[in-house]
Amino acid sequence: MRWPIGLFLLLTTVTVMADSLPFTSDSLKQIEEKYTGNHFLLVLWEVSCLPCHEEMELLGKMLESYPELNVVMVGTDHIDNDEELSKLLAQHKLAGIDSWLFAENNIEKLRYSIDPEWYGELPRNYFYDVDSSRLGHSGKLTEEILLEWLGLHNIL
């Protein structure tokens with residue numbers, strides 16, 4: 001059976017759009033609840049941030065070595081660009097992890113919902129402990145920073 005090209009394109013678009021969830025001002029609470037009792041890394045990034053791309057490449061390699069590492073990607077680009085953003089995640093071997101994209105037009109409100117002290121610099125990361133405490137980090141992650149965090153929590 002041949003599929004009509006329009007239906008094929010619709011199915012492809014739906015599949016791509018399902019890769020990332022819409023991040024709203026309530027989404028951080030959902031993420032934190034999902035990972036309650038676990039260590040995880042919350043990574044904030046966007047397409048135009050070149051250090052973010054370098055960090056994503058590192059995270060993809062780290063996840064190959066440490067698949068038990070919980071990483072949540074939050075793209076600060078609007079969800080309307082989901083197809084391009086999903087391709088970037090796949091390119092860096094991050095397609096299978098939790099991924100969210102800003103889905104509200106009020107960017108400042110979304111940033112504030114993540115951290116009232118964060119003013120939008122990227123890359124920005126939050127290291128969460130099992131007790132849900134977190135430590136924010138601005139600037140590109142290095143392998144040394146990640147290995148230290150993994151070692152402190154016996155994830156290695």
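Which residues do ring pairs link into a cluster? In this predicted model, the cluster consists of Phe 23, Trp 100 and Phe 102. Rings of Phe, Tyr and Trp (its six-membered ring) are paired here if their centres lie within 6.5 Å, with planes under 30 degrees apart counted as stacked, over 60 as edge-to-face and the rest as tilted. By this rule the count comes to five aromatic pairs. The rings of Phe 23 and Trp 100 have centres 6.2 Å apart and planes at 85°, so this pair is edge-to-face. For Phe 23 and Phe 102, the centres are 5.6 Å apart and the planes at 25°, so the pair is stacked. Phe 102 also belongs to β4, and the pair therefore ties together parts that are 79 residues apart in sequence. Phe 23 and Trp 100 are both buried, and so is Phe 102; buried means under 20% relative accessible area, exposed over 50%, and partly exposed in between (1.4 Å probe, protein chains only).

Residues are numbered from 1 along each chain as its sequence is written, and side-chain values use heavy atoms, leaving out hydrogens and water. Local features need pLDDT of at least 70 and side-chain atom pairs count only at pLDDT 80 or more, while totals for chains, interfaces and linings use all residues. Here pLDDT is the predictor's confidence in each residue, from 0 to 100. The chain averages a pLDDT of 86, and 86% of the residues score at least 70. Confidence is lowest in helix α1 (residues 5-17), at a mean of 34, and highest in helix α2 (residues 27-34), at 98. Helices (H or I, at least four residues) and strands (E, at least two) are DSSP runs, numbered from the N terminus.

Turning to the sheet, six strands form an open arrangement in the order β1-β4-β3-β2-β5-β6, with mixed pairing; two strands pair if DSSP finds at least two bridges between them. The edges are held by β1 (21-23) and β6 (134-138), each with a single partner strand, so one side of each is left without a neighbour in the sheet. Within the sheet, β2 and β3 pair in the parallel sense over five bridges, and Trp 45 stands opposite Gly 75 in β3. Helix α3 packs on the sheet, touching β2, β3 and β5 (124-128), and its direction makes about 155° with that of β2. Axes are lines fitted to C-alpha atoms, for helices over the stretch in contact, and angles run from 0 to 180 degrees between N-to-C directions. Helix α6 lies across β2, β5 and β6, running at about 15° to β5.

The largest nonpolar core has 26 residues, of which Leu 41, Trp 45, Leu 69, Met 73, Leu 94 and Leu 146 touch the most other members. Such a core is a set of buried Ala, Val, Leu, Ile, Met, Phe, Trp, Tyr and Cys residues joined through side-chain atoms within 4.5 Å. α3 gives the most to this core, with six residues. Beyond four places in sequence, Met 73 touches residues including Val 43, Trp 45, Met 56 and Ser 99, contact meaning heavy atoms within 4.5 Å. Ser 99 lies in β4 (residues 98-102) and is buried, with a relative accessible area of 5%.
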